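Hello,

Here is the structure I promised to pass on. My notes on what turned up follow just below it.

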Amino acid sequence: MRARRSVLFCLLTILNTILFAQHKGGTGLPFDGKGVETGDSAFYQRQHDLVDVSLFILHGKYNSRSAEHGITDTKIYISAAPVVEYTIATGFSPGIAGNLAKRSSVNVPTNTSSLLGAIKYTQKKQLLLPFQTSYWTPGNRYNLLGDWRFLNYVQDSYGLGGNTLPSEKYTITYKYIRFYETLLKQFSGHLYGGLGYQLDYHWKIREIDIPTGHITDFQKYGYAPQSSSSGLTLLAVYDSRENSINPEGGAAYAKLQFLQNTTLLGSTSNSNSVIVDLRKYFGVRKHDVLALWFYSSLTISGNPPYLDLPGTGSDTYNNVGRGYEQNRYTGKELLYVEAEYRFGITRDGLVGGVLFSNVQSVSEPNGNTFRYLLPGAGFGLRIKFNKFSRTNACIDYGYGTRGSRGFVGNLGEVF
């Protein structure tokens with residue numbers, strides 16, 4: 001389920017090297033990673049990534065990739081590699097993860113367009129096909145966002161609220177299709193507004209391994225073998241990030257989203273919700289970044305299907321709540337805050353690290369009040385996967401309360 005959130009224990013970069021060698025154009029990324037335009041390929045020659053490492057292993061030396069491929073056109077740049085991953089929610093999951101990056105124009109300032117995707121089959125017999133896209137037209141006049149997924153999934157469930165116990169865990173299995181598409185229009189500078197459509201469809205839902213005599217919160221809430229959330233969404237967005245894969249210091253992002261699911265479009269029930277997503281990135285020292293994130297998802301009317309309720313890992317990239325298993329806490333409302341310090345370790349940009357802390361709270365099933373604060377913290381390693389798109393392979397270890405802990409990871413920064 002987590003296209004970006006899974007531990008990258010092994011990045012076999014031979015495929016990445018082959019794909020790069022087959023690429024005949026430039027990267028379309030004529031910026032130095034700090035938002036400064038540059039035509040000097042020497043900047044990229046001083047930086048190293050996993051492709052450079054694999055070239056060194058295969059040929060005994062680094063080649064002049066930036067000089068060979070250029071950095072001032074609009075060609076597509078692809079990074080992909082086999083991965084062997086592990087999370088609490090999936091166990092081991094071999095597959096292929098990939099990233100596509102380009103600019104639609106280099107004649108006017110234009111954000112980096114990206115596609116993040118994966119094909120994975122897990123130890124728990126889960127099939128995961130997630131893809132997220134962000135396409136910017138020249139001059140950032142329009143931004144087309146997509147989130148498409150197919151899952152044949154097994155997940156742990158603990159019930160509703162912030163006081164659920166590990167002993168209450170049982171299993172839910174289902175098949176799932178997600179189709180989100182949103183079009184944003186630039187109104188002024190970094191300010192955008194737009195309209196979208198969202199579909200979440202679950203079927204063949206089953207509860208298994210329920211403790212004897214236990215009535216689950218799913219059953220109390222309204223169990224059904226299938227459910228659908230289908231509706232229109234309105235968004236207002238401020239986005240000054242030049243590169244959403246790895247935002248630089250000084251950038252900011254803010255989103256206010258209203259979603260109305262309706263039976264007229266095929267929803268199981270009528271419901272309305274509001275999402276607020278705020279992010280700010282502060283430059284520290286020369287290349288370090290302090291990143292802050294506030295996220296909330298609030299049901300303001302109706303009762304969304306149980307599997308569509310907000311909770312741990314319920315954001316677009318399933319990153320809320322590092323240190324906890326996905327779906328560890330669920331409620332009709334979610335509040336979340338996180339801080340992360342990102343720093344370099346090697347001068348060539350190949351290796352970096354992060355320290356992070358967070359706190360989440362979900363509403364209680366009776367009265368929708370917030371009663372429990374659920375903190376998490378951890379550390380992580382960053383390995384440059386693609387120096388042109390500034391994509392990092394991220395490996396994190398997080399701690400939570402009541403014994404929650406485990407590895408998480410991303411292809412691209414967490415937020």
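By class, six nonpolar, nine polar and five charged residues line the second largest pocket. (Ala, Val, Leu, Ile, Met, Phe, Trp, Tyr, Cys and Pro count as nonpolar, Asp, Glu, Lys and Arg as charged, and the others, Gly among them, as polar.) A pocket here is an open set of points on a 1 Å grid over the protein atoms alone where a 1.4 Å probe fits, with protein on both sides within 12 Å along at least five of seven lines; lining residues have an atom within 4 Å of a point. Of the 20 lining residues, Gly159, Leu160, Asp217, Lys220 and Pro365 lie nearest the centre.

Please keep in mind that this is a predicted model: local features need pLDDT of at least 70 and side-chain atom pairs count only at pLDDT 80 or more, while totals for chains, interfaces and linings use all residues. Residues are numbered from 1 along each chain as its sequence is written, and side-chain values use heavy atoms, with hydrogens and water left out.

Now to the rings. The whole structure holds 17 aromatic pairs (rings of Phe, Tyr and Trp, the last by its six-membered ring, with centres within 6.5 Å; planes under 30 degrees apart are stacked, over 60 edge-to-face, the rest tilted). Tyr153 and Tyr174 make a tilted pair, 5.9 Å centre to centre with 45° between the planes. Both of these tyrosines, Tyr153 and Tyr174, are buried (under 20% relative accessible area, with a 1.4 Å probe and protein chains only; exposed is over 50%, partly exposed in between).

Ring pairs also join Tyr281, Trp293, Tyr295, Tyr336 and Phe415 into a cluster.

Best wishes
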